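Trainee: Could we go through this model together? I would like to begin at one end of a helix and then move on to the rest.

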Amino acid sequence: MSLTKASWLAQANGSTVTFLIFALSLLASSTTSLVMLSDSHEKSRAWKRIWFLSQTDENEEFCFYKHLSIDERNEFIADYYDFLDYKPGQDASPTERNSKTDVDLNEDDPRGLFDPANYSFGEKRRWIPWAKDATSGNKRGRYSAGYPKGLVVHWTAGHRNGLEAGNSLMRNTGMLYLLIDDEGKTAQSDSLEFYGYHAGKSNHTGAAGYVSDEYAGVEVQAAGMLSKDKNGFYPWWDKNQRNPRNRISNYEVTFSPQKENITAGYYHRFTDSQVWALRRLVAWLYLNNPEVFQLENVVGHDEISPGRKVDPGGSIVWQGYSLTMSEFRDLCRSDISEILKRHGK
Ligand SMILES: [Zn+2]
């Protein structure tokens with residue numbers, strides 16, 4: 001599959017599906033602006049495009065790439081299969097597709113998670129060096145130790161529409177949290193000295209008062225739990241209407257059975273970039289102030305508000321598998337040991 005043909009596909013989309021053009025032109029522009037995309041990155045995009053090209057509707061009222069004939073679409077799909085070295089009929093279970101990653105795991109340290117240069121050790125800084133300073137939300141007071149004792153993981157239950165849109169939502173709701181967009185970019189709304197609302201009614205052994213007054217919150221942009229019909233998966237805002245425009249690509253969906261904090265169901269999985277950003281955030285928060293921040297206080301909203309909240313549930317996927325929060329904490333512990341080892345401690 002040549003990039004020229006892929007770009008043409010992005011351009012040729014015309015005015016049929018506005019958000020798709022937007023998404024694809026972003027892909028096309030990042031193809032040219034980033035000097036080199038990793039092989040696995042390109043492959044995950046190819047699977048996504050195949051999904052869009054394969055969509056059809058019973059009544060033909062809606063499909064992507066309407067201006068292309070079925071034959072033309074099939075030709076593109078065949079080219080993408082060639083690129084992926086995939087023979088139609090081979091097993092392409094959702095699990096296999098989901099295991100395609102947008103982070104190149106062949107690199108020793110993708111996203112610099114293990115690089116000690118990205119951390120401050122015991123410096124008690126108030127601003128995360130790589131986070132975008134995006135003043136937003138309402139602070140309610142100062143943490144008792146001047147720093148959060150833990151972190152609550154949430155999803156936004158919304159669109160993956162970038163940090164700016166996420167921050168204006170925070171401004172409107174008056175809540176206060178850290179934010180991670182689909183590419184793993186992170187926004188910090190206030191100094192880590194101050195707390196605001198994000199968790200509502202909740203309890204945790206590490207927090208004497210309201211959890212929001214003791215732990216920071218991080219919202220990861222994702223739709224949350226999904227409903228399913230014969231055509232695919234839909235977010236909560238289109239549970240009944242089932243407009244194909246709102247359908248979520250199989251590639252972005254994961255299923256988890258019930259285990260620990262996870263409620264059984266289909267989830268809009270966090271992107272690989274989001275999971276790496278989350279791990280790096282936890283490592284930084286801990287290493288920056290290990291006397292105050294405790295890894296056992298890295299919790300899911302579903303752990304501190306059980307029965308009322310289901311986030312992050314099965315959304316944290318690592319090596320093709322939904323992690324429970326206790327498995328996620330273990331992963332963070334091993335990340336931190338690796339960083340300390342490389343730091344020479
Ligand atoms: Zn939540």
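Trainee: Which residue follows H10, and what is its phi?

Mentor: In this predicted model, H10 is followed by Gly344, and the phi of Gly344 is positive, near 85°.

Trainee: And how many residues does H10 have, and how far does it reach?

Mentor: Helix H10 covers residues 325-343, which makes 19 residues, and from its first C-alpha to its last it reaches 27 Å, close to the 27 Å expected at 1.5 Å a residue.

Trainee: Which residues in H10 are buried?

Mentor: Met325, Phe328, Cys332, Ile336 and Ile339 are the buried ones in H10. Viewed down the axis of H10, its buried residues fall within an arc of 80°, so they line one face of the helix.

Trainee: What do they pack against, then?

Mentor: The buried residues of H10 pack against helix H8 (272-288), helix H9 (301-304) and E12, while the face turned away from that buried side carries Ser334, Ser337 and Lys341, which are exposed.

Trainee: Changing topic to the open sheet of six strands: what is its order?

Mentor: The order is E1-E5-E4-E7-E3-E12, and the pairing is mixed. Strand E1 (132-133) and strand E12 (298-300) are the edge strands, each pairing on one side only.

Trainee: How do E4 and E7 run, parallel or antiparallel?

Mentor: They run parallel, with three bridges joining strand E4 (residues 178-180) to strand E7 (residues 215-220), and Leu179 stands opposite Glu219 in E7.

Trainee: Last one, for the whole protein chain: how many helices and strands?

Mentor: The protein chain has 10 helices and 14 strands, and 38% of its 345 residues count as buried.

Key:
Residues numbered from 1 in each chain as written. Predicted model: local features only at pLDDT ≥ 70, side-chain atom pairs only at ≥ 80, totals over all residues. Helix = DSSP H or I, 4+ residues; strand = E, 2+ residues; numbered from the N terminus. Buried ≥ 20, exposed ≤ 12 C-beta atoms within 10 Å, placed from the backbone. Pairing = 2+ DSSP bridges. Expected span 1.5 Å × (residues − 1). Arc of directions from axis to C-beta. Contact = placed C-beta atoms within 7 Å.
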